[in-house]
Amino acid sequence: MPQYLDGQIVSDINLNANGAQVNNTVISGTFTSPTNITTLWDIPANSTTSRSAFRLTAVGTTSMGTTGLNTQWGIGYGPNAATQFIIDQEAQPASAVWYYTVTVWVMVNIGGSGGQAYIMGQIRAGQIPNNSVVNWTLGVLPAAWNTTVDNKLSILGNFSASTGTPVFTNNCSVLERLG
Amino acid sequence: MPVFYSGQIVTDVELNSGTGCVVDNTIYTGTPTALTQFSNLWDVGPSQAVVGSAWRLTVLGKTVQDGTQRAQNYYIGYGPSGASQQEIVQCSSADQPINSTWVWTVTIHLIITTAGAGGRATITGTLAAGQVPNNSEITWTGGGSNLTFNTTVDNKLCLLLDFGSAGTNYFATYCSIFERLS
C-alpha cells in the first residue's frame with residue numbers, strides 16, 4: 001500500500017511499486033511435492049527496508065480423488081522463492097472438495113544483506129457440506145531476508161501422493177504492499 | 001488506500017484524511033497476569049470517522065507455554081486511551097499443551113455504525129493459532145456490536161493479552177499492521 005511523505009511528488013514509479021496487484025492465472029495439477037500454486041511474486045532488490053510489509057492471498061480448491069490423502073500448503077520465499085516453509089498438512093477425505101484461502105504476511109524487520117523478516121501463513125479451508133474443515137497458522141519467526149537481492153514470494157501446494165488423481169486448483173492471488 | 005496521481009504533491013491533509021496503512025515493528029514480550037497492551041496503541045483521531053469508517057488491525061505473534069497448563073486471554077483495547085476492553089477469546093489451561101508454541105495472528109475489525117458524541121461501533125477480533133507440529137490449534141472470533149464509541153474524541157485501538165498464571169511462559173508479538181479501510 002502506498003506510503004508517501006508530506007510534500008512528496010508522487011511518480012509513476014511510486015505508484016507502480018506499491019499497492020495491490022491481482023494475478024488470475026489458474027494453476028492446476030496433481031502436485032506431489034511443494035509446487036508454486038501462485039505466480040512467483042517479485043520483491044525487487046533494495047525495494048524494502050525495516051517495516052516494509054506484504055500480504056499475499058490465494059484462493060482455490062483441492063479436489064480429492066477416490067483415496068484420502070494428505071494435502072499441504074506452504075510458503076516459498078527468498079531468491080527464486082527457493083526457501084520453503086510448510087504451513088500445514090491435513091488429511092483430506094476421499095472425494096472431498098475443500099475451498100481454501102491462504103494468507104501469507106511478510107514483515108521486514110531488519111534491512112540489508114543480513115536482513116530479517118517475520119513470515120507467517122494461515123490456511124483456512126472448508127468442505128461442502130460441512131464434513132471437514134481446516135484452520136491453521138504457522139510461521140518463521142524470524143527468517144533470514146536479504147533485502148539487497150531480488151526476492152520472490154509464492155504459495156505452495158501439494159498432495160502426499162497422486163493416488164486417485166487429486167487436483168489442486170488455485171484461482172488467483174493478490175499481493176498487497178502494506179508498508 | 002490512498003489514490004494519488006503521477007506528479008501530485010502529497011500534503012498532510014491528504015495523508016491524514018485518506019485511507020492507508022501503517023506498520024509498527026516494535027517487539028512486545030512478557031508474561032502478564034493482567035490484560036496488557038501487546039501492540040502499538042494505534043490512534044483513531046477525533047472527528048476522523050463517519051458512519052461506515054472501518055479499520056483493520058493485524059498482529060503477528062506467538063505464545064510459548066512452559067511445563068504447567070496455563071490459561072490465556074486475548075482482548076481488544078479500544079476507546080479513549082484504549083481503556084475499554086472487549087473479549088476475543090479466553091483460552092482454558094487445557095487448550096494449549098505444555099511446553100508448546102502457538103504461532104498466531106489476531107485480526108481486529110473496527111466499524112463505525114453511528115458517528116458523533118453518542119456514536120456506536122462494531123468491534124470484532126479473530127485469533128488463529130497453530131502449533132508445531134500439528135498437535136493443537138485454535139480459531140476463535142469474538143467482539144461486540146453497538147458498543148459506545150464517541151467519534152468526536154481521540155480513540156485508540158490495540159491488542160491486550162494475559163495469562164492465568166506466570167512461570168517461564170511468555171507472549172511475543174512482532175509487528176502490527178493498521179489499515180484504514182474506508
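Me: Which residue forms a salt bridge with B:K156 at 3.4 Å between the closest N and O atoms?
Reply: This is a predicted model. Side chains of opposite charge can pair when their charged atoms come close. A salt bridge needs a Lys or Arg side-chain nitrogen within 4 Å of an Asp or Glu carboxyl oxygen. At 3.4 Å, the partner of B:K156 is B:D154.

Me: Is B:D154 buried, partly exposed or exposed?
Reply: Buried means under 20% relative accessible area, and exposed means over 50%. The relative accessible area of B:D154 is 29%. That value falls in between, so B:D154 is partly exposed.

Me: B:K156 also meets B:D43 in a salt bridge, so how many residues apart are the two?
Reply: Their side chains meet with N to O at 3.1 Å. The pair links distant parts of the chain. B:K156 sits in strand β11 (residues 155–163) of chain B, while B:D43 sits in strand β4 (residues 42–44) of chain B. The separation is 113 residues.

Me: Which residue does A:K152 meet in a salt bridge?
Reply: The partner's side chain lies 3.5 Å away, N to O. A:K152 counts as buried because its relative accessibility is 17%.

Me: Which residues are linked with A:R55 in a network of salt bridges?
Reply: The network holds residues from chain A and from chain B. From chain A, A:R55 is joined by A:E176. From chain B come B:R56 and B:E179.

Me: How many salt bridges are there over all chains?
Reply: Over all chains, the count is eight.

Me: How many strands does chain B have?
Reply: From the N terminus on, the elements run α-β-β-β-β-β-β-β-β-β-β-β-β. The α stands for one helix. The strands come to twelve.

Me: In chain B, what percentage of contacts between residues at least 6 apart in sequence join residues at least 24 apart?
Reply: The pair B:K156 and B:D43 already links distant parts of the chain. For chain B, the share of these contacts joining residues at least 24 apart is 74%.

Me: What percentage of the 182 residues in chain B is buried?
Reply: B:K156 is one of the buried residues, at 18%. Across chain B, the buried share is 51%.

Note on methods:
Residues numbered from 1 in each chain as written. Chains lettered and ligands numbered in written order. Predicted model: local features only at pLDDT ≥ 70, side-chain atom pairs only at ≥ 80, totals over all residues. Heavy atoms only, no water. Buried < 20%, exposed > 50% of the residue type's maximum accessible area, 1.4 Å probe, protein only. Helix = DSSP H or I, 4+ residues; strand = E, 2+ residues; numbered from the N terminus. Contact = heavy atoms within 4.5 Å.
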